[in-house]
Amino acid sequence: MPGSPQAQHGTARSRAAASGPSGPLPREAGTVIVGGGLAGVELATALAEQGAEDVVLLEAGPGSDLAHIHLAHPQAAATEIVFAPERDPYFHGPGGPGAPHYTGISGLRRRLGGRSLYWHGVVLPLEDWALHPPGWPAEIVAELTTGVGGAPSWYDRVTEQLTDWSGGGLWDPAQPARTSIGGQEFRALPRACRRRPGTDRWEAYTALDAWRGPDGDVTPPAGVRVHCDTEVLAVDVRGGRARGVLVRLGDGDVSRIAAHTVVLSAGTVESTRLAALALTDAGALPSPRLGGLADHIVQGFVVRLPADRLPPPGSYHLPTDPVLRSYLRVDVHDDGPGRALLDVRVTGEQLPNEGSVVECEPSDEPFPRASCRTGLLPEDHKMISGQRDLLRDFWAATARELGEPSAPLEFTGYGDTERDNTRVLPDRTRSQSAGRPETWSSLLGTEDHEGGSLRSGGCSTPGTPSPRCPVFTPRARLSSPASARPTPP
Ligand SMILES: Cc1cc2nc3c(=O)[nH]c(=O)nc-3n(C[C@H](O)[C@H](O)[C@H](O)COP(=O)(O)OP(=O)(O)OC[C@H]3O[C@@H](n4cnc5c(N)ncnc54)[C@H](O)[C@@H]3O)c2cc1C
């Protein structure tokens with residue numbers, strides 16, 4: 001990554017030099033990347049580094065305003081943008097009949113940089129229990145974890161890259177690297193974040209920084225052309241193969257770009273919609289419907305406590321028993337003189353199932369929208385109850401350790417909209433009685449969790465014969481995103 005961290009801070013004004021209507025839309029390309037978020041921009045950079053000369057990245061949103069929200073706005077305003085997405089002109093939600101899940105803060109931010117301009121930068125490696133076939137083909141696991149042919153692993157390379165980017169370390173130097181709470185040893189939570197010197201503003205890593213010049217403007221590398229305000233409506237499938245894409249430009253015109261390869265990186269729901277339509281056109285699916293949609297299952301509690309026996313403010317984490325497919329995260333926040341807010345959450349993986357789907361309802365629309373439905377397997381319910389036991393035990397041990405009365409944790413139904421992750425917002429916790437923990441659970445499909453539907457290394461629904469794979473979807477996720485709450489590092 002070129003340049004010093006300070007020189008690369010984006011400004012609210014920074015824009016992509018090659019965005020929007022500035023260049024004519026090409027009629028053909030070697031590779032078309034659909035979506036200019038974390039995955040799409042990172043992939044374009046990697047292809048350019050490997051000498052690709054004809055990459056076209058298509059982004060539905062605009063290419064101006066390329067700063068992370070916590071750099072562009074004070075904490076309270078940035079929090080509001082995250083939790084009141086209807087006030088953000090870039091928010092785009094799929095909606096649909098899946099209530100309570102895949103509604104509300106479900107969707108993404110349509111602008112170049114995508115959700116990398118909103119995220120918290122938590123970068124935890126996937127745990128060993130998660131990395132097994134068929135979800136994770138053995139060769140990808142080897143590349144990721146051990147490296148192949150003497151090359152460093154992807155994790156090592158990315159950790160080095162992000163450490164350089166953040167200016168030296170992946171967590172706030174003000175917090176200890178290890179700490180003990182409730183009788184358990186926690187580690188600092190790794191986050192790819194950095195502060196703007198001399199301010200309380202901060203930003204999380206965005207792949208756009210590799211394209212930023214000293215003035216903050218963003219210019220794609222040689223071999224990559226970026227077109228913003230260009231929405232991909234469908235993959236153009238002919239003879240069972242992807243031959244390009246159909247796009248709608250800012251003025252509403254629909255146009256076609258021929259391409260040798262099409263890569264979908266438009267977020268889980270939109271990439272799945274495009275893949276389902278393409279696979280239906282290719283004859284590999286009877287109708288545009290793909291199952292296997294899975295997200296994180298996250299629950300937690302918040303409690304106000306005396307600060308003196310808690311670790312210093314910061315974010316800490318701990319893996320759990322692999323049977324629970326989860327990890328535990330604790331955040332300690334300042335809560336006024338001598339007081340702290342303890343914010344505890346456990347994040348696990350929903351299992352993919354065929355009742356959790358992205359589908360396009362039959363309609364007269366040439367390019368139908370997607371809707372999502374989700375269902376939980378008995379194993380998921382077991383995990384939900386195991387997570388609750390873990391939280392109860394942890395709270396009981398912590399209260400004992402602090403000499404606090406251990407008011408029991410009380411949970412309501414999973415997905416209760418009255419007790420969702422907005423419970424942890426400051427205006428809610430301020431009115432909470434000291435020492436009394438409030439529990440919450442996060443809805444499935446929220447934009448700060450990365451769901452998935454298509455398996456790595458494959459593109460068809462299980463049990464369906466795969467045509468010669470016409471479309472590819474990269475996985476953007478570097479980590480298990482833990483937080484539904486915008487906490488500064
Ligand atoms: C507040 C918040 C906090 C988060 N914290 C964390 C965290 O700490 N750790 C973590 O790992 N993850 C976190 N996440 C999730 C993380 O940001 C996402 O998983 C990641 O950015 C997804 O990258 P992506 O490229 O797949 O999707 P996106 O970044 O959403 O990019 C998709 C892009 O595709 C574009 N697009 C969509 N449809 C089309 C179309 N039809 N045609 C053309 N373009 C299209 C969109 O405009 C967008 O720019 C957080 C997210 C949020 C919002």
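Close-up 1. Helix α2 covers residues 38–49, and at 1.5 Å a residue its 12 residues should span 16 Å; the end C-alpha atoms lie 17 Å apart, which agrees. The expected span used here is 1.5 Å times one less than the number of residues in the helix. Helices (H or I, at least four residues) and strands (E, at least two) are DSSP runs, numbered from the N terminus. Please keep in mind that this is a predicted model: local features need pLDDT of at least 70, side-chain atom pairs count only at pLDDT 80 or more, and totals for chains, interfaces and linings use all residues. Residue numbers start from 1 along each chain as its sequence is written. Buried residues of α2 are L38, A39, G40, V41, E42, L43, A44 and L47. A residue counts as buried if 20 or more other C-beta atoms lie within 10 Å of its own, as exposed if 12 or fewer do, and as partly exposed in between, with C-beta atoms placed from the backbone. The cover over these buried residues includes β1 (28–34), β2 (55–58), β9 (224–227) and β12 (254–264). Just after the helix comes G51, with a positive phi of about 90 degrees.

Close-up 2. The 14 residues of α7 (residues 268–281) should span 20 Å at 1.5 Å a residue, and the end C-alpha atoms are 20 Å apart, which agrees. Most of this helix is covered, with 12 of its 14 residues buried; among them are T268, E270, R273 and L274. After α7 comes G283, whose phi is positive, near 85 degrees. The largest nonpolar core has 98 residues, and V32, V34 and L342 have the most contacts inside it. To this core α7 gives the most, with 7 residues. A nonpolar core is a set of buried Ala, Val, Leu, Ile, Met, Phe, Trp, Tyr and Cys residues joined through C-beta atoms within 7 Å. Follow V34 to see one set of neighbours: leaving aside residues up to four places away in sequence, V34 touches L58, V232, V245, V262, V263, L264, S265, A266 and, in α7, L274. Contact here means that the C-beta atoms of two residues, placed from the backbone, lie within 7 Å.

**Close-up 3. The open sheet of 7 strands.** The strand order is β5-β6-β15-β16-β17-β14-β20, with antiparallel pairing. Two strands pair if DSSP finds at least two bridges between them. At the edges stand β5 (178–181) and β20 (438–441), each pairing on one side only. On average, neighbouring strands of this sheet are turned by 25 degrees against each other, direction ignored. Antiparallel β5 and β6 (residues 184–188) are joined by 4 bridges, and I181 has Q184 as its bridge partner in β6. Helix α8 (residues 378–402) lies across β5, β14 (296–306), β16 and β17, and runs at about 15 degrees to β14. Axes are lines fitted to C-alpha atoms, for helices over the stretch in contact, and angles run from 0 to 180 degrees between N-to-C directions.

Close-up 4. In β16 (residues 326–334), 7 of the 9 residues are buried, so the strand is mostly covered. Antiparallel to β16 runs β15 (residues 314–319), joined to it by 6 bridges; G314 has V332 as its bridge partner. Their hairpin has 6 residues between the strands, and R325 in the turn has a positive phi of about 50 degrees. Strand β17 (residues 339–349) is also antiparallel to β16, with 9 bridges between them, and H333 stands opposite L341. In this hairpin, with 4 residues between the strands, G336 takes a positive phi near 95 degrees.

**Close-up 5. The open sheet of 3 strands.** Here the order is β13-β18-β19, with antiparallel pairing. Both β13 (289–290) and β19 (371–373) are edge strands with a single partner strand, so one side of each is left without a neighbour in the sheet. Between β18 (residues 357–359) and β19 there are 3 bridges, and V358 has C372 as its bridge partner.

**Close-up 6. L112 in its loop.** L112 sits in the loop between β4 (108–109) and α5 (138–145). This residue is buried, with 33 other C-beta atoms within 10 Å. L112 and C228 are 116 residues apart in sequence, yet 7.1 Å apart in space, C-alpha to C-alpha.
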